[in-house]
Amino acid sequence: MLHGLRLPQRLLLPIVKCQTITWGRRSLAKDAILPTVLVHGGAGHIDADKVECVKFGVKQAAQRGYKAMLETGSTLDAVEQAVMVLEADIHFNAGFGSVLTQDGNVEMDASIMDGSRLEGGCVTMARNIMHPISLARCVMEKTNYRFLAGDGAMRLAKEEGFEILPKSALITEASQKLLKVFKISNTDTLYNVVPGTVGAVAIDACGNVAAATSTGGLTGKLSGRVGDSPILGAGTYADNEAGAVSATGHGESIMRYNLSSRVLALVRHKDYSIQEAVEEMLQNMTAHFKQTGGLIAIDHRGQLGIYFTTELMSWAYQQGNELHCGVEVGEDEVVIVDDDT
Ligand code: ASP
């Protein structure tokens with residue numbers, strides 16, 4: 001049986017009533033949506049001695065994102081802030097802690113999407129910055145384009161005042177060790193051994209959704225390789241009419257399957273629940289390409305989908321004062337957090 005979990009019925013938490021909002025394509029009358037921020041820290045294997053650090057990281061990220069949403073009312077802020085926490089955490093393959101190319105360098109991919117406007121921003125081959133997710137947002141907000149690569153992306157980073165770090169600043173002992181292992185083992189699937197791509201999805205009480213994904217990619221990748229994470233529809237997608245998705249796993253498979261878009265198409269056009277959709281699409285992708293992955297998703301009603309066909313995937317979400325997290329199949333640890341955390 002493939003790995004996944006069934007989420008428990010959620011407790012009744014305070015519900016914010018929304019006005020009918022009229023935006024663009026249709027009028028949305030939504031209520032009873034519980035604002036939620038859900039994050040993942042990558043699908044694959046997690047060493048037993050790292051599990052607690054990884055859980056701590058994803059919980060911190062979900063809390064930070066949730067707090068940002070309360071403070072600014074923006075789901076885009078929520079997913080950006082959540083991902084930034086994980087980009088700064090050495091236990092994840094994004095920002096600091098990114099895995100290395102064959103040449104021993106860091107080349108990062110990221111994308112962010114605002115489901116209320118179908119707006120998005122993407123970067124690939126970002127170097128020497130801690131927060132590629134914020135650069136992706138800059139592409140969306142500060143340029144007429146939606147995807148910048150390499151030198152062009154770095155020029156924007158400089159113009160927008162991003163701190164440009166010394167070349168070695170993002171390279172860790174762990175990523176160097178992993179590259180050595182990769183070179184000896186000569187495989188292209190080391191994401192299964194050490195996961196850590198990060199992502200977040202969020203919904204507010206009015207049904208506005210957003211998604212973000214950030215990664216160092218695959219250990220030992222050729223310089224210039226672009227994965228699924230910066231590609232809208234593959235690694236990331238958000239649309240208020242369906243929901244928001246962030247993917248992790250084998251990028252070459254996820255992009256060919258257009259995984260995130262397919263999940264939301266099932267919700268929008270076939271009346272699937274979001275959990276059914278993430279399960280079916282990931283199972284199909286895994287069967288077709290013999291490559292594994294993981295998904296987190298929120299549909300336009302605020303229901304959650306969490307699923308992976310790898311051994312483990314770290315995830316966490318905050319909804320009201322409940323903070324949930326897990327890494328194993330069926331695991332769902334819950335703690336109650338203070339209002340002011
Ligand atoms: N999807 C990422 C990539 O292929 C890797 C991962 O999620 O672990 O770049």
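By class, the shell around the ligand is made up of two nonpolar, seven polar and two charged residues, where Ala, Val, Leu, Ile, Met, Phe, Trp, Tyr, Cys and Pro count as nonpolar, Asp, Glu, Lys and Arg as charged, and the others, Gly among them, as polar. The model is a predicted one, in which local features need pLDDT of at least 70 and side-chain atom pairs count only at pLDDT 80 or more, while totals for chains, interfaces and linings use all residues. Residues are numbered from 1 along each chain as its sequence is written, and side-chain values use heavy atoms, with hydrogens and water left out.

The shell holds 11 residues, the closest being Thr 197, Arg 225, Asp 228, Thr 248 and Gly 249; a residue belongs to such surroundings if one of its heavy atoms lies within 4 Å of the molecule. A polar side-chain atom of Asp 228 lies 2.6 Å from a nitrogen atom of the ligand, whereas an N or O atom in the side chain of Thr 197 is 3.0 Å from a ligand oxygen. Gly 251 contributes through its backbone, with an N or O atom 3.0 Å from an oxygen atom of the ligand. The protein covers 100% of the 270 Å² of accessible area that the ligand has on its own, areas being computed by the Shrake-Rupley method with a 1.4 Å probe.

Helix α2, residues 75–87, has 13 residues and reaches 18 Å from its first C-alpha to its last, close to the 18 Å expected, a span defined as 1.5 Å times one less than the number of residues. Helices are DSSP runs of H or I with at least four residues, strands runs of E with at least two, numbered from the N terminus. Of the 13 residues in α2, 10 are buried, meaning under 20% relative accessible area, with exposed over 50% and partly exposed in between (1.4 Å probe, protein chains only).

Asn 128, in the loop between β5 (119–126) and α3, counts as buried because its relative accessibility is 19%. Asp 271, in the loop between α7 (259–270) and α8 (274–289), is exposed, with a relative accessible area of 66%.

Technical notes
A polar contact is a pair of N or O atoms within 3.5 Å; within protein, one must be able to donate a hydrogen and the other to accept it, and residues adjacent in sequence count only if both atoms are side-chain atoms.
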